Amino acid sequence: LAYWLNAYNGWALYGVAAKYAENPDYDVESDGWLLFTTPFIEVAGLTLSPNDIEHGILRGWADQPYADETVAERARQWNEELWGGEAPDARLHMGLNCASWSCPNVPPGAFQGERIDAQLDALAVVFVDNPGKGAGPNGISTLFSWFGDDFTATFGSAEEFVATYRTEGLD
C-alpha cells in the first residue's frame, strides 16, 4: 500500500509540476483531468496512469478504463495482493493527493510500510479536522460522496469515518 500511495503522489506531483513549468496558468480541471487518465508511469514493464493506480490497483474499481487488457489483468492481480478480495481500506483516500485544494494535503514524507496505519490515521485526523476541507460547519468534503462506497465498506458510512477521526466528533 505504501508503495502505491507513494507512486501515485510522486507521479501526480511530478506531472503537475511539469505542466506548470510549461504553463503557469495550468490547472488539472481545465485540462480535462488528462494528467490522471494518461498513462505515463512505468511500473514492472507496464505504463500506468494515476487513475490506473488509484481506481484500479488501490480501489479495484471494475469500470476503470485501462489502456489494454495486460494492464487491466496486472492491476487486478496487484489489487488482490493488496486486499485479498476484501474491500479496500477507505483511509487510502487520505493518502492520495489529486493536486486540488479539496484533496487531503500532500503527506509530509514518504509512506512506510511499517508505519502506514499510523500515517493514514494521522492524515485522516488532519483532513477531517480542517473545516475548509474535510468536515466543518458547511458540511463535509465531496470526497466522501465521490468515494462513498469505499467509506461505507470500511467504516459503515462516511459519517462514521468522520466521527472516528474528527477530534470533535460530529459536533
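Predicted model: local features only at pLDDT ≥ 70, side-chain atom pairs only at ≥ 80, totals over all residues.
**View 1. Salt bridge between Arg 76 and Glu 73 within helix H4.** The closest N and O atoms of Arg 76 and Glu 73 are 3.4 Å apart, and the two residues form a salt bridge. Both belong to helix H4, which covers residues 69-83. They are separated by 3 residues, about one turn of the helix. Arg 76 has a relative accessibility of 42% and is therefore classed as partly exposed. Glu 73 is likewise partly exposed, because its relative accessible area is 36%.

**View 2. Salt bridge between Arg 74 and Glu 81.** The side chains of Arg 74 and Glu 81 meet with an N to O distance of 3.7 Å. Arg 74, at 25% relative accessibility, counts as partly exposed.

View 3. Asp 89 is buried, because its relative accessibility is 16% and the buried class lies under 20%. Arg 91, with a relative accessibility of 8%, is also buried. In the model as a whole, the count of salt bridges comes to 7.

**View 4. Packing of helix H1 against helix H3.** Helix H1 spans residues 2-22 and helix H3 spans residues 50-58. Their axes lie 9 Å apart and form an angle of about 155°. Angles over 145 degrees count as roughly antiparallel, so H1 is roughly antiparallel to H3. The crossing of the two helices, H1 and H3, is left-handed.

**View 5. Residues in the contact between H1 and H3.** On the H1 side, the contact is made by Trp 4, Leu 5, Ala 7 and Tyr 8. These residues meet Pro 50, Ile 53, Glu 54, Ile 57 and Leu 58 of H3. Sorted by class, the contact of H1 with H3 comprises 8 nonpolar residues, 1 charged residue and no polar residues.

Key:
Residues numbered from 1 in each chain as written. Heavy atoms only, no water. Salt bridge = Lys/Arg side-chain N within 4 Å of Asp/Glu carboxyl O. Helix = DSSP H or I, 4+ residues; strand = E, 2+ residues; numbered from the N terminus. Buried < 20%, exposed > 50% of the residue type's maximum accessible area, 1.4 Å probe, protein only. Axes fitted to C-alpha atoms, helices over the stretch in contact; angles between N-to-C directions. Parallel < 35°, antiparallel > 145°, perpendicular 65-115°, else oblique. Left-handed = near helix turned anticlockwise from the far one by under 90°. Contact = heavy atoms within 4.5 Å. Nonpolar A, V, L, I, M, F, W, Y, C, P; charged D, E, K, R; others polar.
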